[in-house]
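Q: Could you walk me through how to read a structure like this? I would like to start with aromatic side chains and then move on to helix packing.

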Amino acid sequence: MTDILEALVARASAGGEDGADAIAALYDELNDTVYHWVRFYIRDGHVAEDLCQEVWLKVAQNISKYRSGTSLLGWLRTITKNTAFDYLRSVQRRPSEVLYADHLELDRPRFDQNPEEHAVRRALAQAVASHMQKLRPAQRQVLVLRFFDGLSPGQTAEIMGKTDGAVRTLTVRALRRLAEVMPTGESSSELIEELLSVAAGRHRVVGTRVETREARAHVATR
């Protein structure tokens with residue numbers, strides 16, 4: 001995927017009609033990611049959509065300044081953060097990096113949930129957002145990138161300057177630490193199990209057993 005994106009950047013930098021097509025392809029590939037990043041700072045969805053368009057305008061104007069071989073996602077994330085902060089300063093609001101429950105994809109309503117189950121899920125998302133602040137900076141960053149921004153291990157590795165394997169290891173360790181500080185209860189355990197399953201790249205981790213606070217999360221695989 002990185003090679004494909006780099007090729008699109010090279011075409012975009014060349015300009016012309018093909019360059020415009022390359023920018024459009026980058027937009028299709030990465031706009032959902034940009035939107036998640038903007039929503040990290042901007043609560044209003046309509047404003048976030050407008051700022052996404054501003055981000056892509058800046059990308060088109062500055063694509064020739066991107067240095068091939070560096071982190072494209074890191075470059076794009078910086079543009080996105082600066083755009084959000086510029087907006088917040090323009091309306092005299094203080095930039096914040098506080099996590100909110102609706103940043104977490106796992107709190108979205110699902111077809112197999114009744115209203116009560118969704119309410120529990122949302123409460124857990126709020127607990128995750130709150131207790132994330134108790135993690136070390138690198139642990140918090142990897143979980144934000146993986147589960148709040150929805151990035152793959154490879155994309156997360158690119159931004160953090162780590163290998164895919166290091167990101168996977170850090171993710172599991174961060175989730176184990178999160179399990180220790182989360183409120184006790186079966187629902188909390190199930191949520192951490194699900195996050196561990198996603199982190200391990202499986203639909204469900206075989207033999208996963210997670211205990212919150214009093215015991216460490218334990219992952220047993222085949």
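Q: Are Tyr-41 and Phe-85 buried or exposed?

A: Both Tyr-41 and Phe-85 are buried, where buried means under 20% relative accessible area, exposed over 50% and partly exposed in between (1.4 Å probe, protein chains only). A word on the basis: this is a predicted model, in which local features need pLDDT of at least 70, side-chain atom pairs count only at pLDDT 80 or more, and totals for chains, interfaces and linings use all residues. Residues are numbered from 1 along each chain as its sequence is written, and side-chain values use heavy atoms, with hydrogens and water left out.

Q: How many aromatic pairs does a search of the whole structure find?

A: In general, a pair of aromatic rings is described by the distance of the centres and the angle of the planes. Rings of Phe, Tyr and Trp (its six-membered ring) pair if their centres lie within 6.5 Å; planes under 30 degrees apart count as stacked, over 60 as edge-to-face and the rest as tilted. Here the search finds three pairs. One of them, Tyr-41 with Phe-85, is edge-to-face, at 5.1 Å centre to centre and 85° between the planes. Tyr-41 lies in helix H2 (residues 16–41) and Phe-85 in helix H4 (residues 72–90), so this pair ties together parts that are 44 residues apart in sequence. Helices are DSSP runs (H or I, at least four residues), numbered from the N terminus.

Q: Which kind of aromatic pair do Tyr-66 and Trp-75 form?

A: A tilted one, with 5.5 Å centre to centre and 55° between the planes. Tyr-66 and Trp-75 are buried.

Note on methods: Helix = DSSP H or I, 4+ residues; strand = E, 2+ residues; numbered from the N terminus.
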